[in-house]
Amino acid sequence: MGTQDLQGFLFLLFLPLLQPRGASAGSLHSPGLSECFQVNGADYRGHQNRTGPRGAGRPCLFWDQTQQHSYSSASDPQGRWGLGAHNFCRNPDGDVQPWCYVAETEEGIYWRYCDIPTCHMPGYLGCFVDSGAPPALSGPSGTSTKLTVQVCLRFCRMKGYQLAGVEAGYACFCGSESDLARGRLAPATDCDQICFGHPGQLCGGDGRLGVYEVSVGSCQGNWTAPQGVIYSPDFPDEYGPDRNCSWALGPPGAALELTFRLFELADPRDRLELRDAASGSLLRAFDGARPPPPGPLRLGTAALLLTFRSDARGHAQGFALTYRGLQDAAEDPAAPEGSAQTPAAPLDGANVSCSPRPGAPQAAMGARVFSTVTAVSMLLLLLLGLLRPLRRRSCLLAPGKGSPALGPSRGPRRSWAVWYRQPRGVPLPCSPGDPQVEGSAAGYRPLSASSQSSLRSLISAL
């Protein structure tokens, strides 16, 4: 067993001991229904076009009819923000959640946030009522004027709890699954307070607790659920410098399917590696200059070890990837509804085979191939016949006095003839009309008329 094999074995052996108290392997929240993987929904590309879910709320204005405002389809010609000739909720300015313009009210309100149930990143469990007696999460708590979602997650992770809740923009609470069993959900729009430490994140509301799993943005973990999400360290904050993180992935099944929902690394020195957990062999490697391919990436291994390293200057959003176990290594992954599926790139050195499209006109294709091969064969035979008398001889292309010989000419019509001789040196090219041509031609003999006629026919055919 090599050094890498031994390290991988020891990591998988001791990793379960590193789990937070009360934590279960995998995610409590299935990624299947989520349309967002950023905490502020900046990646939302869904079709909700009202400020409330299921037809509730006010209708959104079309983005190509909002030129009087700061954001319209004209301000997003590349489609980077997802604007266009539609009225779907978007987040072009990096606000705390998707929004849209609405018809201006008497109070002068011309935009509103959108309440989108499917636009909550996996690992976010919802907005809960916190009456304070008893608290919604019963574990330790604290406050900070620099609170972000990840600051609270890290605090509760260090305390050994499974859940973290943010409230009123500056308060953090820790708890466990049993707290959620007696918790009471509140409307998602009630958690609308901006985090004191990050203007692009929401940290609950007044008497409202935004609850997350502490596994979000963790630097290590052991994922055994059938499907789930793995985030880069410190997510949804940017990952920091000198991070060295590992995650063991072993859902039920014979193979794995990964899909990168987000991938933004600072430079080529920040690197994510995918290794076979049993052998330690490198399967894939991605960095800031080599992102993963779009669409599902299938790997023929049942257990995977992911490692991420950043350099001393590393700062970027990071990555979010979904995974699921496949029962059969040859299973065809089902594409999510409304999304395009791109086949995964083959492993380095793998053979790729192609087959004709079913129903292709095989007979016509065969006829074209036969005709092409026949024509090429005839040209080659003719060329070989002409080269036989010229074998081991030098040729000279010199002006002739007959009719135009070697194909079409532009300008004055002038004929050319081919001369040859036994090689005694390499003749240098001379410009037409140079007196040296006459001297050079004196040492050559002209081809026969039939040979020159055949050569003209060959050149015309080419």
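How many bridges link E3 and strand E9 (residues 208-213), and in which sense do they pair? The two strands run antiparallel to each other, and five bridges join them. Strands, like helices, are DSSP runs numbered from the N terminus (a helix is H or I over at least four residues, a strand is E over at least two), and two strands count as paired if DSSP finds at least two bridges between them. Within this pair, Val129 sits opposite Arg208 in E9.

A word on the model itself: it is predicted, so local features need pLDDT of at least 70 and side-chain atom pairs count only at pLDDT 80 or more, while totals for chains, interfaces and linings use all residues. Residues are numbered from 1 along each chain as its sequence is written, and side-chain values use heavy atoms, leaving out hydrogens and water.

The E3 and E9 pair belongs to an open sheet of five strands, which follow the order E3-E9-E5-E6-E4 with antiparallel pairing. At the edges are strand E3 (124-129) and strand E4 (141-143), each with pairing on one side only. From one strand to the next, the twist averages 25°; here axes are lines fitted to C-alpha atoms (for helices, over the stretch in contact), and angles run from 0 to 180 degrees between N-to-C directions. In general, strands of a sheet pair through backbone hydrogen bonds, either parallel or antiparallel.

What lies across this sheet? Helix H2 (residues 149-159) lies across E4, strand E5 (163-167), strand E6 (171-175) and E9, where contact means heavy atoms within 4.5 Å. Relative to E6, helix H2 runs at about 40°.

Most residues other than glycine have a negative phi, and most peptide bonds are trans. Going from Ala133 to Pro134, however, the peptide bond is cis, with omega near -5°, and Pro134 is in the loop between E3 and E4. Phe235 and Pro236 are also joined by a cis peptide bond, with omega about 10°; Pro236 lies in the loop between strand E11 (227-231) and strand E12 (244-249).

As for phi, Ala168 is not a glycine, yet its phi is positive at about 60°. Ala168 is in the loop between E5 and E6 and counts as buried, at 16% relative accessibility. Asp242, not a glycine either, has a positive phi of about 55° and is found in the loop between E11 and E12. Asp242 is exposed, with a relative accessible area of 56%. The cut-offs are under 20% relative accessible area for buried and over 50% for exposed, with partly exposed in between (1.4 Å probe, protein chains only).
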